[in-house]
Amino acid sequence: MIKSMRQTTLQTLGLGNALEIFQKGQLPARASDLVDQIFGTSNNRGSMVISGANGIVGAGKTMQLGSRLQPFGVTIVALDFPNVADGIAKQYPGLVRAFGPQGANSIMAEVIKLNYDGTHLPSRVKEFHPRFLLEAIPEILSIKKAHYKIFKDAFPGIEIRSVTSGFPSSELGVGIAHPAFPHEINKIWEVVESQPSSVTHLFWALGLIPVPVSDHWSFVLDVLFCGLTLAALRFHQETNMPFWKIDKYVRKLLGANPLRAHDAIGAKGANFLTWSCLYHLSQKYGELFRPTPVLEEHKESGQNWYPPNHFRPLVNWSMDDSEEEEFKNWVLGPVIQMTSLMLHEKRAHLSHLNAIGELCAQFRKGVIAVIRDLGTDAAIKRVEAYHKLHPEAARECWYPDTFTRMDTPEWQQLYVNAEHDGKVGIVTISRESYNADVDAELNRAIDWLKSEKIDRVILTGDFHFSTQMIGADTSEFFPALENTEKGFQISSGWSKTARRLNDEFKVSVGFINGKRCLGGMLELLIHCHYLVSVDDAQLGMPEVTLPVVPGMEGCHWPFRKTGSGHWPKLLHLLLTGKPVRAGEASGWLIDFAGALEDALKKVWKIVTDADHGLPRRRIEEGSLRDIPKETGDLPESDNPAAEAARKAIMECIQNSCAVPLSQALVVQAKHSSEFMRSAHCKNGRIGSEFGRVMTV
Ligand SMILES: NC(=O)c1ccc[n+]([C@@H]2O[C@H](COP(=O)([O-])OP(=O)(O)OC[C@H]3O[C@@H](n4cnc5c(N)ncnc54)[C@H](O)[C@@H]3O)[C@@H](O)[C@H]2O)c1
């Protein structure tokens with residue numbers, strides 16, 4: 001029996017618990033089995049048809065699915081009208097960048113382009129034995145329905161999924177796999193089906209991120225993205241502030257700039273889709289979603305929202321505090337109200353609702369995390385203040401009660417979950433980058449395991465959202481650019497959390513799955529007694545390139561865990577920012593690297609004290625002597641910021657290694673926070689991001 005803090009998101013896909021993956025030593029679904037199931041066995045393999053394949057979605061998905069299915073010999077039949085521009089050819093350079101010319105050509109060899117007139121399927125489609133249709137044709141219900149009929153008549157039993165932006169499955173009569181922009185790379189698909197199907201499992205097994213959602217008008221992403229766009233446009237209607245300026249204020253508030261995003265996607269199509277989504281939502285839910293006249297105009301004209309740069313006035317002004325409050329009422333108010341509707345309708349697992357905003361709509365923090373930060377009263381007050389400005393919106397779909405249970409694990413553990421089987425616990429992190437929320441949730445997860453008397457733990461990603469671990473969320477450091485105390489709090493606080501993995505368990509094992517584990521995430525994981533990785537993951541400390549000084553004990557912890565013969569490699573890692581392949585890091589940075597199933601089995605053996613054959617690398621608690629002061633082989637950088645960062649990192653290494661473990665945490669936190677106030681950091685990536693996002 002596995003007990004968990006809250007439902008794991010894998011369970012929503014019918015794929016069990018994360019802990020079972022280690023117990024069984026394998027993943028719960030295999031792409032090869034699912035390909036056989038859906039497309040037929042290799043001697044009788046059918047194809048996938050993508051209709052509308054030259055469109056924005058169709059062409060992107062032809063690349064994404066084509067590249068993943070090509071190794072299994074699944075042909076993609078790309079169907080579109082003869083007179084439209086070749087959207088697939090436009091994707092080809094990206095394919096070459098990702099797979100090289102030879103790889104790209106092998107993928108394209110399995111993409112068969114066929115033309116048709118919209119009513120009669122070309123007879124040659126039959127030759128490819130279609131088993132699965134991904135429909136990506138325009139957002140017009142009658143056309144979509146007629147399209148399914150043609151396919152169902154010709155190929156009874158064919159699996160169909162629509163990429164629709166807003167029609168419910170009950171209206172379309174087929175399942176939905178709603179993707180997020182940019183389609184060739186974004187892995188998220190909101191899925192509507194009565195039960196998690198083998199198609200959904202296949203998507204997961206191919207490394208995509210299917211997210212089950214309920215069958216309502218529009219999707220989570222579109223409610224958030226179109227809803228935020230509408231909120232910005234309402235503020236325009238009220239104040240006449242230029243679109244680009246509102247957009248910048250929205251970005252400062254939430255991270256997203258929805259109007260710029262419309263222009264980037266292609267204003268003509270995107271304006272129509274946003275209008276269509278809001279129009280249908282307003283038909284069902286009323287004023288809260290009613291498109292404004294200016295959106296109607298832009299839907300008709302297809303006009304961009306941003307003027308060319310040279311048309312932005314040079315004389316600029318900012319809102320004062322009370323104006324910014326009113327802006328928040330206009331923008332946050334409706335977004336919170338829309339979220340109350342989605343919670344009321346139980347559209348998705350809370351972690352899903354939250355993650356979709358971050359991964360697909362540029363929210364700095366997911367909408368649930370934003371509301372959690374506000375707390376129940378402030379969230380409700382914000383909506384009430386909005387209703388004073390826009391009373392019509394108060395009439396329907398406002399569910400303040402949905403915010404009264406914020407103390408439950410569903411609200412409290414958006415990014416971190418814990419499970420155990422009575423003996424072994426697992427903590428899973430679903431966010432790719434570490435921030436204060438992850439830190440607090442990780443502490444709660446550890447507290448929970450301890451209260452359950454679990455002293456053996458695995459720490460890893462969630463096998464769903466976290467396809468890589470990229471380090472600290474750099475927007476967390478904005479306050480530290482001006483305030484050393486803030487930087488110190490972050491660095492020392494996060495380091496203390498990391499130390500719990502070393503100090504509070506009998507055995508802790510970190511596991512790295514996915515493409516990469518970098519920076520703060522790697523620093524976190526090296527605090528586990530053992531660290532295991534899949535062998536092709538990239539492990540690195542890119543802080544020097546930002547530049548910042550690693551602040552989660554990366555400058556001394558790994559030195560204390562390995563012999564002096566390996567110290568030059570650690571210096572190289574920290575001073576160049578260049579990653580190493582996990583397979584090359586065994587014995588000095590990590591303890592074992594192997595193929596996925598070998599690595600899973602190794603983790604289980606370690607955590608259960610079975611015969612695993614790995615020595616436990618003890619941490620040296622005294623001070624370390626003779627850490628090299630230079631690497632010798634490192635060419636001088638011509639970038640002064642990089643040189644300054646190297647120097648600062650070297651000082652941090654020397655000083656935090658020179659003191660006992662008990663003092664090192666504070667020493668390295670001081671170095672890290674002091675560097676954050678330096679001109680080099682302010683002029684680097686974090687400082688310029690701060691300037692771009694936070695000053696309007
Ligand atoms: N654009 C986005 O970012 C986005 C995101 C999620 C979902 N969607 C949904 O994806 C679908 C397609 O949108 P798009 O933005 O890619 O549109 P698009 O206009 O770029 O592409 C549609 C393609 O379908 C083709 N087409 C039209 N009728 C067809 C038919 N009967 N058979 C085959 N091909 C046909 C067109 O020639 C065109 O190439 C819509 O349902 C939309 O709501 C779009």
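Visitor: Which residue in strand 3 is the bridge partner of Val49?
Guide: Strands of a sheet pair through backbone hydrogen bonds, either parallel or antiparallel. Here Val49 has Val77 as its bridge partner in strand 3. This is a predicted model, where local features need pLDDT of at least 70, side-chain atom pairs count only at pLDDT 80 or more, and totals for chains, interfaces and linings use all residues. Residues are numbered from 1 along each chain as its sequence is written, and side-chain values use heavy atoms, with hydrogens and water left out.

Visitor: How many bridges join strand 2 to strand 3?
Guide: Two strands pair if DSSP finds at least two bridges between them. Strand 2 (residues 47-51) and strand 3 (residues 76-80) are joined by 4 bridges. These two strands run parallel.

Visitor: In what order do the strands form the sheet?
Guide: Read 4-3-2-5-6-7-8-9 across an open sheet of 8 strands. The pairing is mixed. Strand 4 (111-115) and strand 9 (209-212) are the edges, each pairing on one side only. From one strand to the next, the twist averages 25°. Angles run from 0 to 180 degrees between N-to-C directions, with axes fitted to C-alpha atoms, for helices over the stretch in contact.

Visitor: Which strands does helix 4 lie across?
Guide: Helices (H or I, at least four residues) and strands (E, at least two) are DSSP runs, numbered from the N terminus. Helix 4 (residues 87-109) lies across strand 3 and strand 4. Its direction is at about 140° to strand 4.

Visitor: Which strands does helix 7 touch?
Guide: Contact means heavy atoms within 4.5 Å. Helix 7 (residues 198-205) packs on the sheet and touches strand 5 (130-135), strand 6 (159-162), strand 7 (175-179), strand 8 (188-192) and strand 9. The direction of helix 7 makes about 140° with that of strand 9.
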